[in-house]
Amino acid sequence: DVRTLRLPIVMEAQPNGQKQPPQQPVFMTHYVKLRPHLKEFLDSVRDTYELSVYTAGTRQYAEEITIILCRHLVGTKLDMLELEKLRYETFVAQQEYDENPDSNGGAEGGAEEEQPVKRKKVSFGVDEVKTYNTTSSADADAPVEKKTADVLKTKLDQLKTELAKGEEMEKEAQRLRRSVFGSRVVSRTDVGDLGRDVKSLRRIFPCGGTMAAVVDDREDVWANASDNSETTRKGEPPSNLLLVKPYHFPAFQGFADVNNSAGVDLSGGSKQSAGTEEKDIQLTWTGQILKDLHTLYYSEQNGSRQTVPQLLARMRKNVLKGTNLVLSGLVPINRDMSPDAPRPSIIRYAESLGAQLQRNVDVSVTHVVAARDGTDKAIAARKFPRTVLIKPSWLMECYWSMSRRRSLAHLITPIPSRTTSPVPAPPKPAAAAAEPAEESSDDEDDLAAAFEEELLND
């Protein structure tokens, strides 16, 4: 579902600080791809949550996005550009119908308007020129004129019906926009010091967002804020951030994006091929998390009720509780691992989900999360039958969905062993058929291949 919107191009200020002369506004058409399951997600949360928009974009951009979301909720396919086009087409069809002489909008009563005489010149030579009058064919053309008027009337009625429906749904979308989002829209136009890479909860929630949940595909913009809660380690995002998988529409790849770049996808599956976008179920996961959070929050007593960050941290801890993980090829060797330094993302994900991290592989390890096969830890994992060698995409899906995902689709399969079947030798000449064949000297290659296969199968 691709929608359109028009935004003015923001002109850069001149280097000398002089004001630019007034110019006609220049608009550019942008295309917005709505993520799969967006309508189901909004329907599931708009009755239990107050929805807000917090963007580093302009105010007009934020307003256009909110109305696009509400048009999607009411079920209309007409954006503002399509609605303006439909209005123009209806206006033109009305004019064509009114100007048609056989329609009700044509001349009525009185003498019939004399039709102009149409003449055609036909030449059969240089000196011979003949003309003939075509007014005699007017009677023959009358049925065609009447049929055209009927066609115009049908087209006009159809356009009027579509326009009336579109106008009514646009009014409903505008009403829903005021009901769902209200005045809870914050943009860089509203706040002068709003940076492109910093978003603060205290900017929109003075209490620090103790009753708020944030949905975003970037966590670095929240980690850069200097006024997060005291329980959050410096340089890490707050606990009430629900990180979602970055969504990329294959048809848009290679084109400029009006938004900031999407967040980092450690699963290795950020680039999707054509025809795979409808498999995205991230908003289904997030909707279920918010539903469970709402139920848990209001099931507790007022005196002992925990904050939203505390509840989300508790919910995450139960996802991989009882699992022992070893990470391979995912943490830089030179990374600062001091207690006060922000943890690498992959370590923070695993620990927040309740998993215990180990440095070495032993019989107690349940999963080895490896960036690639063939490392020492990956080879060691194959020696223990109960240890699963798995891709980082499994851990990321557990974090995005806040649920323990099945590991079958994320297993690292063994590297196929090299074939050792002998290559057939070319036929020898008949004269040399009686000569004894030389013995093969590939013993060293066979020994190396057998040793490699033994390592991989252990």
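Helix H7 (residues 282-299) packs against helix H11 (residues 392-401) at an angle of about 45 degrees, and their axes lie 8 Å apart. That makes H7 oblique to H11; angles under 35 degrees count as roughly parallel, over 145 as roughly antiparallel, 65 to 115 as roughly perpendicular, and the rest as oblique. The model is predicted: local features need pLDDT of at least 70, side-chain atom pairs count only at pLDDT 80 or more, and totals for chains, interfaces and linings use all residues. Residues are numbered from 1 along each chain as its sequence is written, and side-chain values use heavy atoms, with hydrogens and water left out.

Helices here are DSSP runs (H or I, at least four residues), numbered from the N terminus. Axes are lines fitted to C-alpha atoms over the stretch in contact, with angles from 0 to 180 degrees between N-to-C directions.

H7 also packs against helix H1 (residues 38-45). H1 is roughly parallel to H7.

| Helix pair | Angle | Axis distance |
|---|---|---|
| H7 and H11 | about 45 degrees | 8 Å |
| H1 and H7 | about 10 degrees | 9 Å |

Which residues meet between H7 and H11? Gln282, Trp285 and Ile289 in H7 meet Glu397, Trp400 and Ser401 in H11; contact means heavy atoms within 4.5 Å. Three of these residues are nonpolar, two polar and one charged. On the other contact, H1 brings Leu38, Phe41, Ser44 and Val45, and H7 brings Leu283, Thr286, Gly287 and Leu290. By class, the contact of H1 with H7 has five nonpolar, three polar and no charged residues.

Glu300 sits in the loop between H7 and helix H8 (308-317). Is Glu300 buried or exposed? Its relative accessibility is 16%, so Glu300 counts as buried (under 20% relative accessible area; exposed is over 50%, partly exposed in between, with a 1.4 Å probe and protein chains only). A polar atom of the Glu300 side chain lies 3.0 Å from the backbone nitrogen of Gln306. Neighbours within four places in sequence aside, Glu300 is in contact with Arg305, Gln306, Leu311 and Arg314.

The count of aromatic pairs is four. Rings of Phe, Tyr and Trp (its six-membered ring) pair if their centres lie within 6.5 Å; planes under 30 degrees apart are stacked, over 60 edge-to-face, the rest tilted. Tyr297 and Tyr298 are edge-to-face, 5.0 Å centre to centre with 75 degrees between the planes. Tyr297 is buried, at 10% relative accessibility. Tyr349 and Tyr399 form a tilted pair, with centres 4.3 Å apart and planes at 35 degrees. Tyr349 lies in helix H9 (residues 345-352) and Tyr399 in H11, so this pair ties together parts 50 residues apart in sequence. Both Tyr349 and Tyr399 are buried.

Note on methods
Helix = DSSP H or I, 4+ residues; strand = E, 2+ residues; numbered from the N terminus. Nonpolar A, V, L, I, M, F, W, Y, C, P; charged D, E, K, R; others polar. Polar contact = N/O pair within 3.5 Å; in protein donor to acceptor, adjacent residues only side chain to side chain.
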